[in-house]
Amino acid sequence: MRNPRMTKKEMGLAKGALMRVFSRSDLRKEAIATSIIAYSDPKRPRVTKWSMCRSCLNPTPTYLMDVDHVEPKIPVDKSLEEMTWDQLVDNTWCDITNLQPICRPCHKIKSAVENKERRRVKNVKQGKGTKGTGKTNRKRVTTRSNASRAIQSTRKKQY
Ligand SMILES: [Zn+2]
């Protein structure tokens, strides 16, 4: 669903504006609130608010926490141009059960896995890939398990 008078760059900027609104939203704050733990680090006395990353389970200063959409805002088999703004808003302001407070390193890993899957799906769509059957549901499940596998391997490394 694309307005031909809006450039791709302008769409990206509009998406960025939406994400900035979300980053200050009550929903995001609500999700972050579920991560607060009673913790202190004598080496970091100025940090008074701590959270636990739901992925690696490490204590993290709350101000450094991210909120991850378990099911990505833009499905891995779709591009922004294929979505309506309503869909993007609904996927971003999703049910709180789809939001998980995680630390930035864990968020980076999950996004990287998702982006890799996006590229793979795109290649399959363009007939460049060899893997895949075109069944999008199956692919989405695969991404999720790949992401949790990647996160689990970092969990091991950090301990
Ligand atoms: Zn983490």
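Beyond its neighbours within four places in sequence, Leu-18 is in contact with Leu-88, Val-89 and Thr-92. The model is predicted. Leu-18 belongs to helix α1, which covers residues 8-23. Thr-92 lies 74 residues from Leu-18 in sequence. In space, the C-alpha atoms of Leu-18 and Thr-92 are 8.9 Å apart. Leu-18 counts as partly exposed, because 16 C-beta neighbours fall inside 10 Å, whereas a buried residue would need 20 or more.

The strands are considered next. Three of them, in the order β1-β2-β3, make up an open sheet of 3 strands. The pairing in this sheet is antiparallel. Strands β1 (36-37) and β3 (59-61) stand at its edges. Each has a single partner strand, so one side of each is left without a neighbour in the sheet. Strand β2 spans residues 50-52 and is joined to β1 by 2 bridges. These two strands run antiparallel. At the level of residues, Ile-36 has Ser-51 in β2 as its bridge partner.

A further antiparallel pairing links β4 and β5. Strand β4 comprises residues 65-69, and strand β5 comprises residues 99-103. The two are paired over 5 bridges. Within this pairing, His-69 stands opposite Leu-99 of β5. Of its 5 residues, 4 are buried, so β4 is largely enclosed by the rest of the structure. In a regular strand, side chains alternate between the two faces of the sheet.

Terms used. Residues numbered from 1 in each chain as written. Predicted model: local features only at pLDDT ≥ 70, side-chain atom pairs only at ≥ 80, totals over all residues. Buried ≥ 20, exposed ≤ 12 C-beta atoms within 10 Å, placed from the backbone. Contact = placed C-beta atoms within 7 Å. Pairing = 2+ DSSP bridges.
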